[in-house]
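Try each task before you read its solution.

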Amino acid sequence: VYRGSVKEFPGFDASQDAEALYNAMKGFGSDKEAILDLITSRNNKQRVEICQAYKSQYGKDLIADLKYELTGKFERLIVSLMRPPPYSDAKEIKDAIAGVGTDEKCLIEILASRTNQEIHDLVAAYKDAYERDLEADIVGDTSGHFKKMLVVLLQGAREEDDVVSEDLVEQDAKDLLEAGELKWGTDEAQFIYILGRRSKQHLRLVFDEYLKISGKPIERSIRGELSGDFEKLMLAVVKCIRSTAEYFAERLYKAMKGMGTRDNTLIRIMVSRSEIDMLDIREVFRTKYEKSLYNMIKEDTSGEYKKALLKLCGGDDDAAGEFFPEAAQVAYRMWELSAVAKVELRGTVQPTGSFNDDGDAQVLRKAMKGLGTDEGAVIEVLTQRSNAQRQQILKAYKAHYGRDLMADLKSELSGSLAKLILGLMLTPAQYDAKQLRKAVEGAGTDESVLIEIMATRNNQEIKAINEAYQEAYNKQLEDDLSSDTSGHFKRILVSLALGNRDEGPENLTQAHEDAKKLADVSSNDSSDSLETRFLSILCTRSYPHLRRVFQEFIKLTNHDVEHAIRKRMSGDVRDAFLAIVRSVKNKPAFFADKLYKSMKGAGTDERTLTRIMISRSEIDLFNIRGEFMDLFDKSLHRMIEKDTSGDYRTALLALCGGED
């Protein structure tokens with residue numbers, strides 16, 4: 001099935017088109033609209049024929065005339081469309097290595113994503129256009145493992161058979177694991193050989209197997225083991241093997257988001273994929289970024305340049321009936337995998353081995369006695385002890401000095417640091433209870449805190465929170481939640497506050513029924529509203545079971561359940577259901593996203609940052625760090641370093657543990 005957006009023009013007549021273009025450029029100024037309409041509605045083969053007709057009719061070079069008549073980005077885009085794809089690639093690569101400095105990103109994008117045939121055509125076109133050897137030029141311009149992998153890709157010798165040997169899959173996965181994670185130093189040659197030569201079909205299974213045996217996606221290992229351009233190249237290769245369409249969707253998104261647009265990248269991808277897989281790219285883009293590629297181009301560009309790009313894009317997926325089988329399938333597979341990977345949850349704060357509660361109490365007293373406080377000493381002791389050990393220090397301090405350690409800390413520390421340290425001294429249940437209490441008391445309710453805590457804690461944690469709440473405030477948590485919220489949102493919180501979620505394994509028949517219940521919008525049984533149906537399933541079923549329900553939901557509707565919630569609900573109810581779904585899918589990723597949002601942009605949301613760092617430090621902060629790196633290409637450590645300061649920063653970094 002053809003998945004390009006640019007189709008062959010019916011009733012094509014090259015000499016007629018050549019004449020139309022000649023007239024559009026004749027005389028003073030040119031008719032850009034006419035040029036753009038004509039060129040974007042012909043396919044590449046037809047454009048090449050127009051160039052020939054133009055030369056025979058007028059004795060002039062069409063590309064040279066277009067360059068003369070047009071300017072800027074619009075000119076680059078139109079001229080790019082006139083070249084056959086291999087010559088376009090050749091020109092891009094020539095520009096990337098000519099002059100001072102090399103545009104590695106362009107080399108990576110082209111060589112990681114092209115098929116064997118496309119690579120062979122590119123090498124031939126380069127030789128024809130520049131009378132030079134592409135491999136020699138690339139070797140002269142790059143170095144190290146980066147160069148080696150580029151040379152491997154330039155051979156265009158990736159295996160193409162679809163027959164996959166299970167034994168070889170297991171062997172390759174083991175070899176990759178042994179070449180990186182299990183080795184002191186990294187054996188780059190293994191990565192180069194396996195990722196450069198094996199077929200796509202085979203490598204996809206290798207990646208699945210790798211996740212099974214190592215508990216982490218291959219991308220995360222590559223980030224940890226390799227560096228620089230070589231790392232970027234290998235990540236691009238992995239992405240293209242998993243899904244070329246997804247790789248390009250991400251490149252397009254990055255080219256447009258934030259300040260300024262990377263027009264070279266935008267032009268190169270829109271031109272090169274317009275006759276290959278633009279429809280797939282659009283579909284993945286729409287699912288991944290929740291807006292259509294069409295709309296993003298529309299917001300980000302202007303003038304004739306915009307019009308031409310939109311023609312290449314083809315259509316607006318926000319307007320259509322939204323049917324994304326491709327993207328839903330990608331989502332489905334990722335879920336299958338996440339179910340089998342053995343991911344061990346790890347905190348970053350472990351109990352200290354040679355623990356002496358009285359010794360710690362003395363260090364703390366000394367740090368706070370007399371004038372001024374030695375914050376460093378306080379931070380060093382309290383961030384390096386487990387919560388259970390901190391509880392013992394509280395007792396030892398009272399036994400030794402007859403003083404209340406909490407009160408002393410409160411009077412000696414201030415600001416964000418005080419909130420962080422005092423938070424660490426409470427038990428997890430006391431801390432959560434306190435955050436919930438703060439969220440409901442006084443004017444206004446902080447719904448986002450209620451959602452974050454209630455949607456992510458397990459039964460045991462919820463029961464402990466209820467007890468701590470009762471003890472600290474002499475009130476039932478459920479009563480406070482009820483009197484402070486209303487409607488469906490209140491019902492969701494009340495249900496979660498019971499800590500009564502089923503804990504059993506999945507039940508396939510039931511999961512299918514549940515998915516049908518969630519998917520069935522037009523159910524005539526109006527007594528049960530949509531929200532009630534979602535509540536009865538999302539707030540009561542076990543996590544393994546819900547994972548299966550969400551998969552069944554994709555099968556039934558071709559949408560992710562998140563998409564349905566967003567489309568059909570709003571406000572706190574929507575946010576609460578989304579939080580439950582994300583927590584079920586991947587809790588560490590849910591928190592990584594919240595941490596990122598607390599720091600990105602202007603100003604830092606220190607309350608959220610402090611709350612998550614404290615509450616996850618002994619549960620899964622190590623995993624959150626990994627997800628943070630995967631999602632945002634930055635380490636959590638770096639971001640905290642950049643975004644906070646002073647003793648508060650020192651304490652957060654101590655909780656965060658290593659630099660990824």
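**Exercise 1. Describe how H12 and H15 pack.**

Start with the handedness: H12 and H15 make a left-handed crossing, meaning that the near helix is turned anticlockwise from the far one by less than a right angle (clockwise would be right-handed). You're looking at a predicted model, where local features need pLDDT of at least 70 and side-chain atom pairs pLDDT 80 or more, while totals for chains, interfaces and linings use all residues. Residues are numbered from 1 along each chain as its sequence is written, and side-chain values use heavy atoms, with hydrogens and water left out.

Next, find the two helices: H12 is residues 188–197 and H15 is residues 228–256. (Helices are DSSP runs of H or I, at least four residues, and strands are runs of E, at least two, numbered from the N terminus.) Their axes come within 11 Å and cross at roughly 30°; each axis is a line fitted to C-alpha atoms over the stretch in contact, with angles from 0 to 180 degrees between N-to-C directions. H12 and H15 are therefore roughly parallel (under 35 degrees; over 145 is roughly antiparallel, 65 to 115 roughly perpendicular, the rest oblique).

Last, pick out the residues: Glu-188, Phe-191, Ile-192 and Leu-195 of H12 meet Phe-230, Met-234, Val-237, Val-238 and Ile-241 of H15. Contact here means heavy atoms within 4.5 Å.

**Exercise 2. Look at the loops on either side of H29 and compare Asn-474 with Thr-485.**

Step one: Asn-474 lies in the loop between H28 and H29. With a relative accessible area of 65%, Asn-474 is exposed. Its phi is near 50°, positive although Asn-474 isn't a glycine. Most residues other than glycine have a negative phi.

Step two: Thr-485 lies in the loop between H29 and H30. Thr-485 counts as buried, at 11% relative accessibility. Leaving aside residues up to four places away in sequence, Thr-485 touches Leu-450, Lys-490 and Leu-493. Val-440 is 45 residues from Thr-485 in sequence, with 8.7 Å between the C-alphas.

**Exercise 3. Work across the end of H8, from Tyr-130 to Glu-131.**

Tyr-130 belongs to H8 (116–130) and is partly exposed at 24% relative accessibility. Residues up to four places away aside, Tyr-130 touches Ala-90, Lys-91 and Lys-94. Move on to Glu-131, in the loop between H8 and H9 (134–141). Glu-131 is exposed at 73% relative accessibility, and its phi is near 50°, a positive value in a non-glycine residue.

**Exercise 4. How many helices and strands does the chain have?**

Count first: there are 39 helices and zero strands. Then check burial: 50% of the 660 residues are buried. Finally, take the extent: the C-alpha trace spans about 100 × 65 × 55 Å along its principal axes.

How values were computed
Buried < 20%, exposed > 50% of the residue type's maximum accessible area, 1.4 Å probe, protein only.
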